[in-house]
Amino acid sequence: WPCTGFDVNYMKRVAVVGAGAAGLCSARHLCKYPEEFSVRVFEQSPVLGGAWVNTSQTDPCDCDRPVHSGMYDSLRTNLAKEIMAFTDFRFDSDIPSFMTQQEVLRYLQRYAEHYGLVQHIAFCTVVEKVAPLLAPDDDVTVPRWRIATRNLVTSHHSCEDFDYVLICNGHYSKPFIPAIPGLESFPGCITHSHQYRDPWPFKDQTMMVVGDSFSGTDIMLDIAAVSKRIYLSNSNKPLEAIMPQNVEQVSRITTITGNTVCTEGRSLEEVNHLIFCTGYLYNIPFLAKDCGVLVESKRVHPCYHHTINATYPSMAFIGLNVRIIPFPCFDLQVQWVTSIWRGDKRLPSRDEMVQQCCHDYRLRLERGMSTHHAHYMGALQWDFYEQLAAMGGVPPLDPKVKEIYDIVSHRRLRDIQTYRDELNKTPPW
């Protein structure tokens, strides 16, 4: 796909959907070129910060729009601030390595103020539709986009046309609860980690926390201080870390009958509450059917290098991936996209981009990864960052980033209860 597919001879209008970390990062890098890009960010809430804005609200708000924040009161980051920051804007030196939600939100607010981003944000504005401007039988390869919005304060509807659009609405708003035979018969409370705020509703209860990844173990530890007993359901092998005395690890749930939960080889009675820490589904309801990508529950495709709409590369997605270091990843993605839209870098043909998407997905399945892991990175993230940096013509991440990441990961595996406090006291980096 030659760079001449993008007209670089006039001021381009760029829409950014979402003013969370990914949206702010997108606006920051686009605004480096004020003579080339006019940037408008649409944010449905009255404040910036996206998922990092804590709210007591857990139920859908206006017109069944999902609550975007799943932050809970005791949350602390599981990544150290030394590797979590955007590459050109550091966290304050006087805060601990493992930060609270409030400290991360303050960082994003400072980032927006420092780069003058707030003036570009339309707050309380929900995006209702994003559609390509295509005539019948049109073979346009780089279409413009029509975006319909609604102001949540005035109820005013608007339509605007843009040359490019960046989708940065996150993927932590639509909880995923797996299908379990008999779940509908459970008489107790069923919630998702997205709805969790504090442990006190679970005082003296017998709980089951389903899922042993970051949110599952953190919420389990939070509740363990007040609950009677907790069963931590693992999808794979049990964690090796020492658990609180009232926590027992069990295997995957097979069936539920009333308040009896059966796992592989166990029958657990008198369970009062189920908390599913089982991740999220992609939710981009405003994309028109002819936008060139298919949004499935756990996959957005064809999405070239998990970023660019392979059908219409005037649309890109920032932050689809999971198990990454988010802010530096956003930096690399946005700089790559910006270099393409400025005409500095080239893309392959549409067919080649689609083939790369299919090849990436097929390799994941061949490695034994689930169909749910189309955008999962984990150990794959380091090559991904190298690719993004090379394609965008920017410096790669400092090797110390991986060193610190590995140190934290290994310490967490050994001691999920105190690894943050111990590393805050004596950071080995």
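Modeller: Two strands pair if DSSP finds at least two bridges between them, and strands (E, at least two residues) and helices (H or I, at least four) are DSSP runs numbered from the N terminus. This is a predicted model, where local features need pLDDT of at least 70, side-chain atom pairs count only at 80 or more, and totals for chains, interfaces and linings use all residues. Residues count from 1 along each chain as its sequence is written, and side-chain values use heavy atoms, leaving out hydrogens and water.

Biologist: In β5, which residue is the bridge partner of P132?

Modeller: β4 (125-132) pairs with β5 (residues 145-151) in the antiparallel sense, over seven bridges. P132 has its bridge partner in β5, and that's W145.

Biologist: Which strands stand at the edges of the open sheet, and why is one side of each left without a neighbour?

Modeller: The sheet's order is β4-β5-β6, with antiparallel pairing.

Biologist: Are the rings of Y164 and W341 stacked or edge-to-face?

Modeller: Rings of Phe, Tyr and Trp (its six-membered ring) pair with centres within 6.5 Å; planes under 30 degrees apart are stacked, over 60 edge-to-face, the rest tilted. Y164 and W341 have ring centres 4.4 Å apart and planes at 10 degrees, so the pair is stacked.

Biologist: And W382 with Y385: stacked or edge-to-face?

Modeller: They're three residues apart in helix α7 (residues 381-392), about one helical turn. The ring centres of W382 and Y385 are 5.6 Å apart with planes at 85 degrees, so this pair is edge-to-face.
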